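Here is a short briefing for a first look. Please keep the sequence and the 3D view side by side as you read.

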Amino acid sequence: MIRVLIADDHHVVRRGLIVFLKTQKDIEVVGEAKNGLEAIELVENLQPDIVLMDLVMPEMDGIQATKKIKSKWTNVEVLMLTSFSDKDHVLPAIEAGAAGYQLKDIEPDDLVNSIRKIMRGESIIHPVATTTLQEKIREDENLPHMQNPLTPREQDVLAELTKGKSNREIASTLFVTEKTVKTHISNIFNKLHVQDRTQAALYAVKHNLTESSEGGV
């Protein structure tokens with residue numbers, strides 16, 4: 001079972017998510033919070049696998065709560081579920097440690113798939129949020145130049161990972177085995193000094209590594 005905690009200041013939103021998620025055989029809603037402070041307290045008490053986190057909440061917002069959760073419980077993943085897709089919200093949320101960023105207009109089945117993918121260690125960012133993220137990063141002229149430490153094949157894997165593809169999809173695209181993809185991803189994490197797929201994708205966008213070295217192979 002995937003243990004999920006819901007943090008949102010709107011009671012109707014929480015109720016709707018709980019009713020829908022309870023229909024899923026592999027998901028258990030273990031608690032609900034109406035602000036970031038409650039979310040942190042419940043994470044400590046309930047140890048969920050994933051927190052569905054709203055961004056704008058009273059007392060403590062989702063970004064602050066995510067930072068505190070990820071600093072203390074690295075095994076707990078956070079999926080932002082919000083109405084905001086502007087640059088002032090997307091980038092801080094990802095940098096805070098969120099493994100995913102989805103908008104509240106997401107289809108219910110897509111939300112469930114996002115939860116399952118994050119549980120498998122994948123990163124999920126809504127296409128609108130991805131575009132906003134890319135625009136924000138490329139506006140920053142003060143980013144330090146960094147030499148790309150990746151091999152051409154690792155760069156190919158990173159480019160596909162940034163598109164939100166699973167290991168199986170990457171293996172199919174690059175005509176390699178899933179085991180080979182896992183090895184490449186492990187090497188990428190070590191070389192870039194990142195901990196998960198979301199941080200690796202963020203690095204790729206920052207340093208213009210979103211295109212395959214083989215022109216989209």
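In this predicted model, 6 of the 6 residues of strand β4 are buried, so β4 is largely enclosed by the rest of the structure. Buried means under 20% relative accessible area, exposed over 50%, and partly exposed in between, with a 1.4 Å probe and protein chains only. Helices (H or I, at least four residues) and strands (E, at least two) are DSSP runs, numbered from the N terminus.

Residues are numbered from 1 along each chain as its sequence is written, and side-chain values use heavy atoms, with hydrogens and water left out. Local features need pLDDT of at least 70, and side-chain atom pairs count only at pLDDT 80 or more, while totals for chains, interfaces and linings use all residues.

**The strands**

- Both faces of β4 are covered. E77, L79 and L81 are buried on one side, and V78, M80 and T82 on the other.
- Strand β4 (residues 77-82) runs parallel to β3, and 4 bridges join them. Two strands pair if DSSP finds at least two bridges between them.
- L52 has L79 as its bridge partner in β4. V51 stands opposite V78 in β4.
- β3 also runs parallel to β1, again with 4 bridges. Here L5 stands opposite V51.
- I50 and L52 point one way from β3, V51 and M53 the other way, and all are buried.

**The annotated aspartate**

- UniProt, in an unreviewed entry, places "modified residue: 4-aspartylphosphate" at D54. UniProt positions are given in the numbering used here, feature names are shortened, and annotations may be inferred rather than shown by experiment.
- Where is D54? It lies in the loop between β3 (50-53) and α3 (62-72).
- D54 is buried, with a relative accessible area of 5%.
- Leaving aside neighbours within four places in sequence, D54 is in contact with A7, D8, D9, G62, M80, L81, T82 and K104. Contact means heavy atoms within 4.5 Å.

**Helix α8**

- The buried residues of α8 (residues 167-174) are N167, I170, A171 and L174.
- Seen down the axis of α8, these buried residues fall within an arc of 100°, so they line one face of the helix. The arc is that of the directions from the helix axis to the C-beta atoms.
- An α-helix has 3.6 residues a turn, so residues three or four places apart point the same way.
- R168 and S172 are exposed on the other side of α8.
- The buried residues of α8 pack against α7 (152-162), α9 (178-192) and α10 (197-206).
- F175 follows α8 and has a positive phi, near 60°.

**The whole chain**

- The chain has 10 helices and 6 strands.
- Of its 217 residues, 49% are buried.
- Among contacts with a separation of 6 or more, 66% link residues 24 or more positions apart.

**Confidence**

- The chain averages a pLDDT of 85, and 85% of the residues score at least 70. pLDDT is the predictor's confidence in each residue, from 0 to 100.
- Which elements have the lowest and highest mean pLDDT? Helix α6 (residues 127-139) has the lowest, at 61, and strand β1 (residues 2-7) the highest, at 98.
- Over residues 141-145, pLDDT stays under 50, and the model has 3 contacts beyond four places in sequence for them.
- Where pLDDT is low, the predicted coordinates should not be read in detail.
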